[in-house]
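Here's a fold to walk through together.

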Amino acid sequence: MRKNFGAKTICYPMPVFIIGTYNADGTPNAMNAAWGGISEEQEISICVDNTHKTAVNLIARKAFTVSMATAKYVAACDYVGIVSGNKEPNKFEKAGFHATKSEFVDAPLIDELPMALECEVISYDEESCCLVGRIVNVSADESVLDDNGKVDVTKLQPIAYDPMNHDYLVLGEKVGNAFQDGVALK
């Protein structure tokens, strides 16, 4: 028997994205966003409320980065989600983050978070709060790469948000082979 929960924002896994932008004065800013995902081959869509400083920044700069939140930095990633850049101008610094300017877009890469999508703004709808970005580059620190130069999710340790229990969960256990295991059922 199923239990009905009604219309709620419950989806698994729900990635934890840390959006990086530059403030008007050039200082880096970051916010935690869980409502988003890949929407086209080179496109990401994320819900960013128009009251966030990040929304103002990405409209002004037409660029942002999306770092994968990690288990190692769960407290800092949570902090940039619960503290507003509108009220705390030094929240990036207080989170313990350091920035390197992206080579591809006018937005900061967060040094502590080893994987990021570097994006240009395609559109932002202030009414629906839907941000759509074109992925210009994906970068990953060598510390999270395997012997073949690919991202090793067990080294990256990205976290997901559990909206039902308000927990962060680490991803990484392999349970199958994509585009292979289903062949047996053909």
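Predicted model: local features only at pLDDT ≥ 70, side-chain atom pairs only at ≥ 80, totals over all residues.

Let's begin with the largest nonpolar core, which has 22 residues. Ile44, Ile46, Val48, Phe64 and Val66 are the ones that touch the most other members. Several elements give two or more residues to this core: β2, β3, β5, α1, β6, β9 and β10. The largest share comes from β9, with five residues. There's also a second, separate core of 16 residues, and Met14, Ala34, Ala69 and Ala76 are among them.

Leaving aside residues up to four places away in sequence, Ile46 touches Phe17, Ile19, Ala33, Trp35, Gly36, Val66, Cys129, Cys130 and Leu131.

Now turn to helix α2, residues 74-82, where Ala76, Cys77 and Val80 are buried. Looking down the axis of α2, these buried residues fall within an arc of 100°, so they line one face of the helix. On the face turned away from the buried side, you'll find the exposed residues Ala75 and Ile82.

Last stop: an open sheet of three strands, ordered β1-β11-β12 with antiparallel pairing. β1 (14-15) and β12 (167-170) are at the edges with a single partner strand each, so one side of each has no neighbour in the sheet. Strand β11 (residues 159-162) is joined to β12 by four bridges, and Ala160 has Leu169 in β12 as its bridge partner.

Note on methods
Residues numbered from 1 in each chain as written. Heavy atoms only, no water. Buried < 20%, exposed > 50% of the residue type's maximum accessible area, 1.4 Å probe, protein only. Arc of directions from axis to C-beta. Pairing = 2+ DSSP bridges. Core = buried A, V, L, I, M, F, W, Y, C linked by side-chain atoms within 4.5 Å. Contact = heavy atoms within 4.5 Å.
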